[in-house]
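Hi everyone, thanks for coming.

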Amino acid sequence: MKFTGLLALLFCLPVWADHYTPITVWQTVPFIKGQDLCQFQDAYGSSAQESQKKLSQQLVTLLDAGADPAQLIDLISALDRYTQQNRDRASAGKGMDTLLEGSLKAALDAQYTKLQPRNRNITFFNPAPIFALARDLREEKRQGYLDASMLGKLNAMAWGTYSYAPSCKGDLVVTLHIQVSSGRTYNYQAIGRPELVMRAISTQLFAEFQHTQFPSKVQIGHRTLELVGAPGVPISYTRSAEAAERTCKGIQARLPTAEEYEFMSNLGDWNQGIRTVGRIWALANKMVLAPELPNPSPVRTESEVRAHEIYYYCVR
């Protein structure tokens, strides 16, 4: 099925609330080649004076090497043609889109393997039967199998663009776009070597869809704790615990207890929790939680800690 046909069918799917629901993406991620910024830079990025200076330097270098002055222009033209031929071969080579797609999936899997969140919020769905996949691989074809009846298992689409960076040192400028079926889009960009650039994008993608969402609910023993966040942002900071407590009361919520902060920290940033390491956290009654000052207790008065920034989020 053609790429445009896939988009048309995808938009007919039931609307999901938002990306807080884990996304299931079609396993083929098309990457479309954009403007070659290296050639663009060569053509428009240098002033006439800079071009003349570069040519003069080349002439001096060739003369110092013993070149015949009568042949200098022909030599420089030959060098320019050789450089351009090499760039044309590199930019015309097929398979860059396949490399970027494979690198994205491998880098994303590496993130999941390293951080091991309880739930995986980004999955690539491949509806192709094993025999169809084996046939495509044998024929060195992209995995393009798509059964319209199985589109109901998708709720997001991913695609990207790439271009050669203006540095002309082999780097790529890559963008990745995610659109969920509600219509909301998420966009990421990075620059780097073709074999490495997708690591940066996968890190952004992982953080976007795996970090703890506000509002959400967490089960603690036999009770449910609702993470409300701070007004306007998930986590905020202030100069005093008392001010943080007043803010939470203003939205019909409260500050977490020390035990709740600890429990959420143990869950971690990728499992519906919020790590407390490296920060001072507000508690009720003008107290604070200082995780890095455990003895005799991490629960301290503000005067003991003297923190310029006291962090907090609200719960119910």
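Let me start with a definition: a charge sits over a ring if NZ of Lys or CZ of Arg is within 6 Å of the ring centre and within 35 degrees of the ring normal. K105 does this with F124, its charged end lying over that ring at 5.3 Å from the centre. R120 has its charged end over the ring of Y112, 4.2 Å from the centre.

A word on the source. This is a predicted model, where local features need pLDDT of at least 70, side-chain atom pairs count only at pLDDT 80 or more, and totals for chains, interfaces and linings use all residues. Residues are numbered from 1 along each chain as its sequence is written, and side-chain values use heavy atoms, with hydrogens and water left out.

Now, ring pairs. Rings of Phe, Tyr and Trp (its six-membered ring) pair if their centres lie within 6.5 Å; planes under 30 degrees apart count as stacked, over 60 as edge-to-face and the rest as tilted. How many aromatic pairs does this rule give? The count is 9.

One of them is W281 with Y311, tilted, at 6.1 Å centre to centre and 50° between the planes. W281 is in strand β10 (residues 281-282) and Y311 in strand β13 (residues 310-312), so this pair ties together parts 30 residues apart in sequence. Strands here are DSSP runs of E, at least two residues, numbered from the N terminus. W281 and Y311 are both buried, meaning under 20% relative accessible area with a 1.4 Å probe, protein chains only.

W281 also pairs with Y313: the centres are 5.9 Å apart and the planes at 80°, so that pair is edge-to-face. Y313 is buried too. Finally, F214, Y237, Y261, W281, Y311 and Y313 form one aromatic cluster.

How values were computed: Helices (H or I, at least four residues) and strands (E, at least two) are DSSP runs, numbered from the N terminus. Buried means under 20% relative accessible area, exposed over 50%, partly exposed in between (1.4 Å probe, protein chains only).
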